[in-house]
Amino acid sequence: MIELGLARISSLLRHTPQPWKAIHVAGTNGKGSICAYLSAMLHASGVRCGRFTSPHLIDRWDCVTINEKAVQESVFKEAENLVLKRNQIESIGASEFELLTATAFEVFAKEKIEMGVIEVGLGGRLDATNAMEKKAVTVISKIGLDHQSFLGNTIEEIAREKAGIMRPGVPCVMDSTNPPSVQKVVQDYAKEIGTDVVLSSTESSFLDDLSQDDYEPHQWQNLACAYTAFHLAYTKLESPLHRLLPAIQNINWPGRLQTIDIRSLTGRSGTTLLDGAHNVQSAEVLASYVDGKLRGDKQKVTWVLAASQGKELEGILKPLLKQQDCVAAVQFGPVDGMPWVQALPAHEIIEAAFELGVKSGQMYDASDDLSAALRWAATVAGPGPVVVAGSLYLVSDLLRLLRNAKEVKTRPSN
């Protein structure tokens with residue numbers, strides 16, 4: 001169950017030192033990518049950096065990184081046990097995400113980081129991550145409609161909740177592609193509390209050294225946000241610009257327009273794209289990429305789709321699906337440490353796709369069997385593209401399947 005508020009997390013963190021400074025990132029889309037760019041820049045600049053993003057990718061502890069590497073399982077679990085014990089002894093009644101946030105901050109204390117890059121879990125104002133003590137910069141990425149039951153029914157109401165991460169005197173970087181109504185909400189709140197909003201800019205000598213052709217438009221904007229925030233947060237005298245370019249060019253952010261090889265699971269060697277698009281805005285971005293780069297002249301795309309309960313399913317599917325497409329619907333498995341997340345039944349995805357014009361003979365209800373969904377998709381796709389999308393939890397399940405297949409292949413036979 002999600003229950004927003006800062007009282008429980010504040011109690012959990014009462015004994016956790018927080019000498020490090022933070023870059024705090026809120027928004028609807030692009031948060032994870034901005035965090036990845038930021039921590040890569042900080043690490044390349046010689047700053048001992050921790051990053052906390054959610055949800056985790058494959059293992060529960062990979063949501064916490066130190067200097068660009070997932071924290072060791074033993075370090076994570078030692079911190080987690082300390083937090084769980086504190087929660088029990090003091091009868092705090094913290095939520096799973098609050099326990100996870102406190103665990104990340106315990107890891108940061110133990111690892112003696114200089115700076116943390118922290119992604120908001122949900123909203124901003126009342127999110128558990130907003131209990132951190134020392135913010136150097138806040139960032140508000142692209143804002144869209146998502147989690148309306150918690151954050152408000154209009155994009156302006158959601159923007160106000162996300163603006164709640166701002167602090168007096170701490171500069172806030174905002175994605176300049178946000179609509180004027182959103183920018184006004186954030187600017188008004190900044191004046192109210194006494195701080196400045198800096199709009200992200202792609203007019204930078206640093207970005208001049210990169211080729212915009214190598215990035216999708218939203219990736220370019222996310223990078224601009226990250227660099228603007230880095231420029232404000234990095235206060236050492238030495239300029240690290242010559243080290244930033246390789247860090248950015250080598251960055252790998254799984255589950256976002258990621259090309260994968262599913263041969264070990266299906267025998268198929270054709271193109272498979274993996275993307276965690278899970279709301280209307282991110283689905284529109286994915287559709288633009290697929291239509292421009294993969295679909296060609298009216299070519300069919302074979303989709304493997306899952307979704308979380310509570311998502312705006314029709315709004316997500318509408319930009320993605322064409323009448324000639326094929327759809328395998330699947331339910332992702334239980335999410336470790338996040339019991340409130342529930343998969344939408346596969347038949348509901350099938351029904352929504354049918355309403356959008358995909359014929360029933362071109363669809364497959366895989367229930368909770370992702371391997372079967374992938375095999376069906378590989379068979380019907382022929383030489384055409386397969387795209388796996390609709391949920392970051394589906395991304396996690398697929399990457400876990402691929403890892404398990406690799407481990408089986410490399411395991412020595414008796």
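Analyst: Buried means under 20% relative accessible area and exposed means over 50%, with partly exposed in between. The model is predicted, and with that scale in mind, arginine 400 counts as partly exposed because its relative accessibility is 24%, whereas aspartate 397, with a relative accessible area of 16%, is buried. These two residues form a salt bridge in which the closest N and O atoms are 3.1 Å apart; both belong to helix H16, where they are three residues apart, about one turn of the helix.

Helix H16, which spans residues 392-410, also holds arginine 403, and this arginine forms a salt bridge with aspartate 59, with 2.7 Å between the closest N and O atoms. Aspartate 59 lies in the loop between strand S2 (49-52) and strand S3 (64-66), so the pair ties together parts that are 344 residues apart in sequence. Aspartate 59 counts as buried at 19% relative accessibility, while arginine 403, at 30% relative accessible area, is partly exposed.

Another salt bridge joins the side chains of lysine 110 and glutamate 78, at 3.9 Å from N to O. This pair links distant parts of the chain, with lysine 110 in helix H4 (residues 96-111) and glutamate 78 in helix H3 (residues 73-89), 32 residues apart. Lysine 110 counts as partly exposed, at 45% relative accessibility.

The structure as a whole holds 19 salt bridges.

Note on methods
Residues are numbered from 1 along each chain as its sequence is written. This is a predicted model: local features need pLDDT of at least 70, side-chain atom pairs count only at pLDDT 80 or more; totals for chains, interfaces and linings use all residues. Side-chain values use heavy atoms; hydrogens and water are left out. A salt bridge is a side-chain nitrogen of Lys or Arg within 4 Å of a carboxyl oxygen of Asp or Glu. Helices (H or I, at least four residues) and strands (E, at least two) are DSSP runs, numbered from the N terminus. Buried means under 20% relative accessible area, exposed over 50%, partly exposed in between (1.4 Å probe, protein chains only).
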